[in-house]
Structures are given as structure tokens and as C-alpha cells.
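Please look through the structure below with its side chains displayed, and follow the contacts between aromatic rings and between charged groups in turn.

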Amino acid sequence: MQAHPVPWPLPPEDRAASPYTGWSRAHWEATADGLLAAVDRHASPGRGLILLPGRHSWSGARSDGLEGYARTFLLAAFRIAGAAGDDPHGILEQYADGLAAGTRTPGRDDAESWPLPAACGQAWVEAASIALGLRLTKPWLWNRLDDDVRQRVSAWLSGVLGEPPVNNNWWLFPLTVGGFLADAGVQEEASRAAIQRGLERIEGWYVGGGWYTDGPERSFDHYNGWALHLYPVLHAHLSGDADLLSHYGNRLCTFLDGYTRLFGADGAPLHQGRSLTYRFATTAALWAGALTGHTPLPAGTTRRIASGSLRYFLDRGAAADNGLLSAGWHGPYEPIVQGYSGTASPYWASKAFVGLLLPADHPEWTQPERPAPAETADAVTTLPGPGWLVQSTAADGLVRLHNHGSHGQALPPDRDDPLYARLAYSTHTGPTTPGAEPDNHFGLLVQDADGKEQLTRRGPHTPLGSGPGWAASAHRPLLGDTVLPGVGVTSVTLARGAVEVRIHRVVGAPPGSAVRQSGWATNSHMVSELRPLHGFDREVTSVAAGSTAYTDRCHMPVVTGTVDAGETGGLFVCLARLAGEATAEPLDADVRTEGGAGIRIAWPEGDVQHVVLDRDGVTVTVPAEEGSAGH
């Protein structure tokens with residue numbers, strides 16, 4: 001791949017200290033400086049708003065201008081605080097002007113004023129970035145503001161100390177604002193109450209293994225790292241509260257043990273979940289672990305993953321020629337941009353620069369880069385909290401995630417979110433867009449009220465357990481917003497090397513019901529395979545599936561089958577594989593049915609697994625002489 005030129009000056013690569021990426025702390029500083037310089041020309045005359053060009057969010061242009069100010073101010077705060085206040089370009093003075101202008105007449109419809117949190121929900125989000133930035137730069141910015149400006153800013157921030165309008169990670173915005181205001185001696189009782197409420201709320205969402213669900217739904221995604229871990233850990237760190245940091249830091253360390261496996265060898269993070277336009281913000285939790293000493297990674301590994309991710313996006317055009325971050329993935333890509341995202345939303349990526357808070361002589365900056373987990377050896381890792389099975393292969397550096405537990409936030413009842421509902425995701429493929437043929441999907445083909453054949457959707461799914469090398473879930477197929485009466489699907493994925501065994505048991509569907517399984521949606525540079533083994537027809541067809549975040553045109557293998565009346569009539573098994581390049585190794589495993597709900601899998605290496613899908617759930621075992629594979 002020919003790298004897209006980065007639109008700001010960079011120092012020479014340092015392949016001695018950074019053999020994998022060539023990037024050092026100086027490259028991160030230069031990138032922060034370049035990003036800040038690019039947005040400067042879009043500031044309002046008084047610098048209260050930074051309104052970038054592009055499509056506005058559903059909150060409107062004024063909210064987007066506040067977002068531009070807040071998110072880039074956080075980047076400036078990491079940059080200046082990491083330099084112990086050294087600010088040769090006067091960046092903090094510019095943002096100080098913005099604080100004064102934005103809060104002079106808040107709520108007014110003019111060129112500078114910030115929207116009031118009571119009238120603009122998005123202001124709650126941006127208040128957290130402003131408060132964290134002020135907390136980080138307090139000696140050089142807050143302490144030097146005029147008293148009347150401090151009072152106005154405090155009054156504006158105090159508007160988010162109550163109960164947030166959204167019941168998910170938004171509870172951490174009052175926590176973050178309260179942390180700063182308490183430190184500044186402003187409304188200390190209300191501030192500490194906001195902190196306590198936030199911590200209590202996320203405690204109920206903790207599912208173990210370092211993972212939180214983002215709200216009451218089973219929503220597992222990158223918000224675990226860049227919000228649900230980042231805000232409490234930074235608050236504890238900045239407060240100097242050793243007990244609080246031990247509690248949340250230990251959780252972060254446990255989280256990172258699995259989360260670091262979600263980055264490909266080229267630095268690409270897993271393409272799953274909402275707000276993917278935040279891109280390299282995916283590395284913020286890694287840096288927080290290094291900053292606080294709560295990381296399972298040896299020195300040099302965090303920098304390798306984080307620099308790899310930063311380079312991954314910049315080398316692929318995430319920053320346009322004008323230096324602005326686009327809304328999308330590599331470059332602009334509208335299908336993954338949610339309605340709440342505005343022109344400055346991509347600057348949530350500023351959180352990746354929390355690593356600059358580590359001093360220049362910290363081992364994470366000085367030790368040579370070490371390989372990422374995806375580069376060291378093939379691995380299959382179970383993450384029971386979110387119900388995920390993570391599969392990586394060192395030869396091509398790909399990471400695949402098999403999803404048996406995350407179905408995202410509540411949506412309109414007649415559709416699935418492609419970023420949560422698929423059976424599998426990876427670091428090198430994206431789901432097809434709404435309305436296109438769904439990739440990595442198993443469904444029934446049924447007639448709708450107009451007599452047209454439609455593919456059922458997955459909808460919410462329930463984890464049924466996991467163990468070494470496997471994970472399972474169940475769902476009730478839906479046609480539009482209607483559950484198919486009496487029909488259920490149990491699904492199991494087993495993985496070994498680059499090979500997947502996908503098993504589905506359909507119950508309650510009448511004989512003759514048609515089913516359809518799709519594989520990975522790829523371009524011509526990737527290999528996606530399906531091999532039917534039981535229940536499916538022998539023919540594998542290649543289906544055009546439109547665009548993804550990785551390619552304008554993609555295709556995917558598809559197999560179909562029919563529910564028969566026999567004992568195993570509702571059982572469907574196939575092999576699947578996603579690879580970075582063609583391989584001479586056959587896509588192979590010996591799979592045999594055992595009764596109506598049992599399957600015996602003999603892998604080419606000689607290992608044998610027995611899978612049973614029955615009314616009590618899913619059981620996966622191996623012969624006694626080979627030990628247990630979990631159940």
C-alpha cells in the first residue's frame with residue numbers, strides 16, 4: 001500500500017527505537033500540532049466556536065461549533081500538559097479567549113455563544129472534554145483566567161452536574177465535570193455527588209472480565225475503552241485517590257488483556273460498533289493503562305499498537321489535504337457516521353493523545369517497540385463478558401471477532417444495526433450497509449405480507465456460553481418487527497487457526513423452510529470462503545454486496561439450504577475462512593452429526609470436539625484423554 005502523505009511536517013522515522021512503526025513521541029507531538037493548526041482557521045472571531053466544513057449533526061451548527069472547540073481543546077490540553085506547560089505557539093491563550101467568548105452570553109444565537117446544556121444534549125458531551133482539558137492545564141490556564149471568566153465557565157459547566165439525558169456512558173460526563181469543579185473548589189457538594197452517581201451507575205453495568213455494557217442494553221463496543229474505562233481511571237489518577245485508582249485500574253488492566261487482541265498487525269482496530277469515525281481514539285485506554293501502571297503489556301507494546309493505529313489511519317487519508325479529520329474510516333465514509341455526529345466529531349480521536357501525559361523518559365517512550373499480540377502467534381481468545389470469540393492469525397495479521405453477545409443500543413424495531421447484529425467482524429473488513437445483502441449472517445427466507453421473499457434478521461441475541469475456542473448464542477428470527485412464531489435459532493462458532501466452524505440449529509420452522517448463510521464481504525485483495533458440510537446445498541455462490549468502509553465494491557460467498565423433516569433437518573454446518581491472501585491449505589475439518597443435535601468435529605491436527613445443541617443450551621467437550629474444551 002502506498003501511504004497517503006500526512007499534511008504536516010514530521011520528523012524522520014526512528015526504526016532503531018520503533019522497528020515496527022518508525023514513530024516516536026516526536027511524531028505524536030508533530031501530529032497534535034498539525035491537527036491543531038488545521039482547525040485554527042475555522043475558529044470564530046472570538047474563538048468561542050470552531051465550526052468545521054461538512055454535514056451538520058442533528059444538534060445543529062452551534063452545537064457542532066462547540067464540539068469543534070471542546071474536542072480540539074482536549075487535544076491541546078494533552079499536548080501542553082504533556083510538555084509541562086511549555087506552549088511556544090500560545091495555544092492555551094487562544095482557547096482561553098474561547099472560554100471567555102463562549103460563556104459571555106451562553107444560549108444566545110450569535111457568532112460566539114455556547115448552547116446551554118439544558119437546551120442542547122450534546123453540550124453534556126462537550127462539557128466533559130472542556131472540564132478534562134481545564135483540569136489537565138489548570139496551572140497554566142484556569143489559574144490565570146480573570147475571576148469573571150472563571151465564574152461564567154463554572155456556571156456553564158454546572159449545568160451538567162445533574163442526571164444526563166441519555167442512560168449510558170453519558171453518566172461519566174457529569175463525573176468528569178464534577179472532578180474538575182471539585183478540584184477548583186466550585187460547587188463541591190454537587191460535584192462530588194455527580195462523581196458518586198456516575199460511578200454507581202456504571203457499577204451496575206459491569207459484567208466482569210474488564211467489560212461494561214454501555215447502558216442497560218447489551219451494547220459492547222469501543223466505548224468500553226474510550227469512555228467507560230478512560231473517564232473513571234483518569235479521574236482517579238488526577239484526584240490522587242489510590243484506592244479508587246486501584247479499583248478501576250485493576251479493571252482496566254483486565255480489560256486490556258483481551259482488548260489489545262482487537263488490533264491487527266497493521267494497527268487497524270476492530271471495525272465494530274458505533275462512532276467508528278473516532279478512529280484512533282481506540283488506543284486511549286491502552287495509554288491510560290501505561291500512564292497509571294495498570295497494563296498487562298511490557299513497555300514498548302502500547303506504543304507499538306498506538307503508533308500503529310495512528311499511522312494506519314493517517315497513511316490511509318483520515319486527514320485530508322487541508323489537515324482536517326474527515327467523517328468516516330480511512331477517508332470520508334458516510335454509512336458509518338451516525339446522526340449525532342457533527343463536523344468535529346472525529347476529534348474525539350484526541351483521546352489517543354493521552355499518551356503525551358507520560359513523560360518523555362517513561363519506558364513506554366524509551367524502550368524499543370515490542371510486537372502486538374496479533375503478530376506473535378495464532379490465537380483464539382474467549383471474552384465471556386461481551387460474549388465474543390477473538391481469532392487472530394500471525395501470518396496475515398488479521399483479527400476476527402465472532403459475536404455472540406453484543407446487539408447494541410435500542411433501534412427502530414424493524415431493522416438491525418450492521419455494526420452490532422452480524423455474527424462476525426474483523427480488523428480488515430466492514431459490514432455491508434443497511435439495505436445491502438448482509439454479510440456474516442444466518443437467516444430464514446420467508447415470504448412477507450406482499451408475497452416477496454425476505455431474509456429474516458437476527459435481532460437481539462442471548463449468549464449461551466463460551467469456552468476455549470468457541471462461543472454460542474440464541475435468537476428469535478424477525479421479519480421486520482415481527483418475531484417468527486415458534487421459531488428459534490441456536491448458533492455456535494468454533495475457531496482454529498484461520499478456520500471457523502459455523503453451526504446453526506433451527507427449531508420450530510416447518511419442513512421446506514429455506515435458510516441462507518453468508519460469509520465475509522471482501523474485495524479482490526482478501527480471501528473469503530465458505531464450505532457447506534451439513535444441511536446446506538453443495539453450491540457456493542458469490543454475491544455482490546455493495547460497499548464497505550474498506551472498498552467501493554465487495555463480494556461474499558453465500559450458501560443456502562432447506563429444513564428437512566428428518567432428525568437433523570434443522571441442523572446446518574459450514575466452514576468459513578477469511579485470509580489476507582490465498583492459501584494452499586484446504587479449508588477442511590471432518591464434521592459428522594451425532595443424533596439430532598450433536599456434532600463431532602475432527603480438526604486436521606487430530607483434535608476432536610463434540611458439540612451438542614439442545615433445549616438446555618450448548619455443550620462443547622473433547623474426549624477425556626484430551627482434556628476438556630469447556631462447556
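**Aromatic and charged contacts**

The count comes to 29 aromatic pairs, where rings of Phe, Tyr and Trp (its six-membered ring) pair if their centres lie within 6.5 Å, with planes under 30 degrees apart called stacked, over 60 edge-to-face and the rest tilted. Trp211 and Trp388 form an edge-to-face pair, 5.2 Å from centre to centre with 75° between the planes. This pair links distant parts of the chain, since Trp211 lies in strand S2 (residues 211-212) and Trp388 in strand S4 (residues 388-393), 177 residues apart; strands are DSSP runs of E with at least two residues, and helices are runs of H or I with at least four, numbered from the N terminus. Both Trp211 and Trp388 are buried, that is, under 20% relative accessible area, whereas exposed means over 50% and partly exposed in between (1.4 Å probe, protein chains only).

This is a predicted model, in which local features need pLDDT of at least 70 and side-chain atom pairs count only at pLDDT 80 or more, while totals for chains, interfaces and linings use all residues. Residues are numbered from 1 along each chain as its sequence is written, and side-chain values use heavy atoms, leaving out hydrogens and water.

Turning to charge, the whole structure holds 30 salt bridges, each a side-chain nitrogen of Lys or Arg within 4 Å of a carboxyl oxygen of Asp or Glu. Glu334 forms one with Arg55, their closest N and O atoms being 2.7 Å apart. Glu334 lies in the loop between helices H11 (301-314) and H12 (363-366) and Arg55 in the loop between H1 (25-40) and H2 (61-82), so the bridge ties together parts 279 residues apart in sequence.
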